[in-house]
Amino acid sequence: MTKQLFYVKHPFDFDTQRFVALFIQRPVFTQLPQNTLEGWTLKLTEILGYIKDHTRSVRDSEFFIAEANLDAATVYLTITNCGTPLEIKRFREHFKMYADIEISSNSDDRSGQKIFAEFEIPDGFIKNRSQEELPELDELHVRELHSGEEFLVSKLFYNVYRYRYINSKVYDPETIAHEISSGKLISYVGITSAGEIVSHVGLVLCNDSPKVYEAAWGVVDPLYANRGIFKRTFEAALDRMQKTPMSYSIYDFVTNHDFSQRLVAKYGYKDMAIFVGNQVSETQARMSEISKHHDLPGMERYSLLVGIDQRNSQPFGNRIKLPINIGETCDFLLSNLGMTWEPTNRFESLPVGGHYSVKIQHEQRSVIFDLYDVGRNAVERILIDLSHQLRTGLEYAAVEFPLNVPGVGYIHDALADAGFFMAGLIPYRFTNQLGFRMQFLTPTDLDFNAIKVHSPVGNKLLQIVRDEWERNHLI
């Protein structure tokens with residue numbers, strides 16, 4: 001199966017050296033012999049230099065595009081010249097010494113002239129490690145990430161996910177360093193005595209006022225799974241979480257296993273919502289990649305369990321007014337948060353207007369509507385908008401809205417009539433305001449029995465979400 005290494009789009013004044021650096025710095029290439037890297041650098045630099053010297057853009061909107069894909073032991077590079085055409089005969093004459101570089105006069109997709117190159121990866125360039133070669137457990141240490149080690153984190157994520165991880169920041173060492181220096185990331189790693197980083201857990205700042213952190217970026221080298229190093233890394237991050245002043249911390253657990261839920265349960269967290277099928281499985285590590293176990297059938301899309309640690313406070317207050325249809329359904333979640341509710345006036349109506357924002361997550365094939373200004377017209381427009389979005393291949397949709405506003409009972413019912421079902425309570429925009437999420441899922445390979453939830457409250461929530469899905473979803 002082909003994996004995309006990178007996709008870049010530059011104006012024709014692109015920096016050749018910088019582009020080549022983008023290609024070579026990918027973690028997949030770091031273990032290549034130096035002479036191989038030098039050969040690739042020379043060829044790629046020659047190709048780009050030739051394009052810059054023999055073509056030009058006559059419109060500001062025209063670009064040079066390059067895409068590289070890895071398939072088995074070969075890297076396939078496709079360069080699209082969107083500017084004036086190159087003279088094919090002269091190009092072939094110039095590169096006749098390279099049998100692995102070719103130019104085409106065809107542009108089936110009408111995007112531009114294509115230049116193709118193939119780079120063979122030497123056999124065995126990635127050494128297969130065995131369990132016998134791994135260091136002893138007492139040689140594995142957990143600590144905060146040191147400056148200059150950011151690339152090792154990127155390399156770890158590549159070893160586990162290739163380039164499929166949901167947050168692309170993990171592949172950019174400079175971004176990791178900036179996130180840490182700016183206080184947006186606290187990074188804990190498990191590291192061998194030889195300096196190899198084999199696990200990582202980060203505390204990510206979601207909101208600065210109030211302070212809200214999320215435990216995220218959790219990963220372990222598959223060779224070190226079941227050896228306790230991820231547990232120790234995770235616990236070190238959670239210990240730091242307990243000592244860091246904040247309004248609350250948030251967790252979103254991938255539910256193809258309940259390992260993380262059981263770890264966090266010792267520190268205390270409250271289940272709030274289950275986002276059913278909101279993650280594409282390709283962007284998450286399967287059980288077989290991180291342990292000796294395998295995912296159950298029905299895991300085409302993964303689900304997330306969302307919970308918070310209230311830090312001995314009441315970030316959303318002690319009491320809230322809710323319509324009966326939401327209050328009765330979520331009473332057990334509110335009680336778990338130490339909150340009570342009272343019914344709103346049954347004649348309360350939804351305002352006429354309203355506004356919402358849209359966030360499309362292409363890699364997850366999902367769309368999130370934030371109904372920040374509730375209104376009847378906005379709900380109707382969301383449903384129209386959703387029908388257009390689904391035609392583009394999106395599979396999951398959600399509508400989030402605050403609960404301390406009038407007419408939320410109408411929003412719930414209108415969305416339910418359109419096939420949405422409850423996800424649960426959410427910390428709205430990571431503030432001290434409680435919100436609600438409704439969700440929609442197109443027909444997909446989904447087995448509710450494969451969703452692993454640890455706590456009794458979480459299991460009750462899963463059953464309610466499942467009942468609503470079976471009642472509301474449209475075939």
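Trainee: Why are H9 and H12 called roughly antiparallel to each other?

Mentor: Helix H9 (residues 324–336) and helix H12 (residues 456–472) pack at an angle of about 155°. Angles run from 0 to 180 degrees between N-to-C directions, with axes fitted to C-alpha atoms over the stretch in contact. Under 35 degrees counts as roughly parallel, over 145 as roughly antiparallel, 65 to 115 as roughly perpendicular, and the rest as oblique. H9 and H12 are therefore roughly antiparallel.

This is a predicted model, where local features need pLDDT of at least 70 and side-chain atom pairs pLDDT 80 or more, while totals for chains, interfaces and linings use all residues. Residues are numbered from 1 along each chain as its sequence is written, and side-chain values use heavy atoms, leaving out hydrogens and water.

Trainee: What makes the contact between H9 and H12?

Mentor: Contact means heavy atoms within 4.5 Å. H9 brings Thr329, Phe332, Leu333 and Asn336, and H12 brings Val457, Lys460, Leu461, Ile464 and Glu468.

Trainee: What makes a nonpolar core?

Mentor: Such a core is a set of buried Ala, Val, Leu, Ile, Met, Phe, Trp, Tyr and Cys residues joined through side-chain atoms within 4.5 Å. Buried means under 20% relative accessible area, exposed over 50%, and partly exposed in between, using a 1.4 Å probe and protein chains only. The largest core here has 94 residues, and Ile411 is among those with the most contacts inside it. Ile411 touches Leu350, Leu371, Val374, Val379 and Phe401, leaving aside residues up to four places away in sequence.

Trainee: How much of the chain is buried?

Mentor: Buried residues make up 53% of the 475.

Note on methods. Helices (H or I, at least four residues) and strands (E, at least two) are DSSP runs, numbered from the N terminus.
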